[in-house]
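Please walk me through this structure in the viewer. Tell me what to select at each stop and what I will find there.

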Amino acid sequence: MHSPQWLTCAPFYHRRAETPVKGRIALVGDAYHLFSPLGAQGLNAGLQDAFNLAWKLAYIEKDWGNPALLVTSYREEREAIAKLIATVTSKTTKYITATSLPTRVFRHWATWYYNKTERVQEKLPSLLAGLMQSYGPHAFLSGDSDDGLPQAGERIPHAWLPDGQAQKPLASLIHGTKYTLLLVKDRLDENSIKSIERFWNGFNRSRYPFLQLIIISRETAAWQRRVPGDCQLIDDRLGSTFEALNECRKGMILIRPDGFCALSSKLWLFNDVTRYFSHRRLDGTVFDLWGNLHYAA
Ligand SMILES: Cc1cc2nc3c(=O)[nH]c(=O)nc-3n(C[C@H](O)[C@H](O)[C@H](O)COP(=O)(O)OP(=O)(O)OC[C@H]3O[C@@H](n4cnc5c(N)ncnc54)[C@H](O)[C@@H]3O)c2cc1C
């Protein structure tokens with residue numbers, strides 16, 4: 001490379017506002033945090049801030065949740081991630097910019113050696129894209145999880161689903177403002193269909209207007225007409241979802257509107273779903289000034 005037409009300077013800095021939320025002001029992206037570009041995290045982190053905040057604001061706007069709890073959860077979740085990224089990117093920056101001879105020799109060798117390993121090739125892109133970020137099992141919006149399934153607080157894994165002649169990612173089923181209850185079962189049978197019918201027909205949709213139900217199975221042709229009208233039954237002939245779920249043959253995953261796992265279980269424990277919402281005060285019912293109960297839009 002030679003003869004640049006335009007030169008600019010990108011200093012290595014780390015800055016973070018004391019808090020991403022104060023009063024009615026919420027910060028996302030570089031307005032909240034600046035990381036050294038050598039960590040390659042700023043844009044991804046900013047987009048995830050926005051995703052995290054957007055659905056919570058929508059729930060507040062629709063009266064589907066307690067404003068203070070949702071705003072606090074935005075602050076706590078993104079603050080923890082911003083602190084973690086700052087620590088990691090400052091280490092990466094130090095490592096990449098070190099100039100002493102021993103460090104340069106070590107860096108040259110380590111880059112050559114580690115870049116070839118399967119672990120680095122597999123994990124590094126996900127790490128840099130922010131896909132490995134987790135809010136942890138103790139976050140306010142994290143419920144229980146079973147081993148082998150996505151853990152509460154983590155992003156749901158990637159899988160390809162058939163879509164006509166093409167394919168679509170599992171993540172495309174996520175709604176953006178709705179929670180998704182994903183039921184997976186490799187082979188549906190009469191009992192599983194009946195339990196879905198019982199649950200969904202008796203489910204208080206007015207109370208939880210923000211829940212969509214999606215069922216994934218390897219073989220769906222015989223069951224399409226039996227599935228309640230307003231839920232989707234998705235055929236996963238290739239078994240990609242089951243592979244992503246460590247070959248778990250049956251499972252229930254509640255997914256947040258931003259694609260993070262809220263709870264997971266190897267059994268279809270439908271009561272856990274309503275309990276999850278009520279413990280977190282996510283509820284489409286509101287009381288008006290006169291104490292009358294009614295349902296939010
Ligand atoms: C050299 C370099 C390399 C990078 N590489 C990566 C990378 O590989 N991966 C990665 O994830 N991130 C990377 N980043 C970081 C990434 O570019 C930023 O984190 C991201 O662009 C921030 O987006 P933002 O929308 O939050 O802020 P910005 O992109 O700064 O957008 C804010 C916008 O608001 C406008 N604005 C400001 N004030 C006002 C006002 N008063 N009224 C109206 N508009 C206003 C600004 O003009 C700007 O257009 C890199 C950054 C640099 C500098």
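**Stop 1: the ligand shell**

Start with the ligand and select what surrounds it: Ala10, Gly29, Asp30, Pro37, Ala40, Gln41, Gly42, Leu43, Asn44 and Gly46. Keep in mind that this is a predicted model. Now color that shell by residue class. It divides into 4 nonpolar, 5 polar and 1 charged.

**Stop 2: the helix pair**

Next, select residues 42–61, helix H1, and residues 67–97, helix H2. How do the two axes cross? They come within 9 Å and cross at roughly 175°. Angles over 145 degrees count as roughly antiparallel, so H1 and H2 are roughly antiparallel to each other.

Now show the side chains at the contact. From H1, pick Ala45, Asp49, Asn52, Leu53, Lys56, Tyr59 and Ile60. From H2, pick Pro67, Leu70, Ser73, Tyr74, Glu77, Arg78, Ile81, Ala82 and Ile85. Color by class again. The contact of H1 with H2 has 10 nonpolar, 2 polar and 4 charged residues.

**Stop 3: the two domains**

Zoom out. Select 15–97 for domain 1 and 160–279 for domain 2. Their C-alpha centres lie 29 Å apart. What does each domain bring to the contact? Domain 1 gives 5 residues and domain 2 gives 5 residues. Finish on the side of domain 1 that touches domain 2. By class, that side has 4 nonpolar residues, 1 polar residue and no charged residues.

Note on methods:
Residues are numbered from 1 along each chain as its sequence is written. This is a predicted model: local features need pLDDT of at least 70, side-chain atom pairs count only at pLDDT 80 or more; totals for chains, interfaces and linings use all residues. A residue is near a molecule or strand if its C-beta atom, placed from the backbone, lies within 6 Å of it. Ala, Val, Leu, Ile, Met, Phe, Trp, Tyr, Cys and Pro count as nonpolar, Asp, Glu, Lys and Arg as charged, and the others, Gly among them, as polar. Domain bounds come from an automatic or database domain assignment. Two residues are in contact if their C-beta atoms, placed from the backbone, lie within 7 Å. Axes are lines fitted to C-alpha atoms, for helices over the stretch in contact, and angles run from 0 to 180 degrees between N-to-C directions. Helices (H or I, at least four residues) and strands (E, at least two) are DSSP runs, numbered from the N terminus. Angles under 35 degrees count as roughly parallel, over 145 as roughly antiparallel, 65 to 115 as roughly perpendicular and the rest as oblique.
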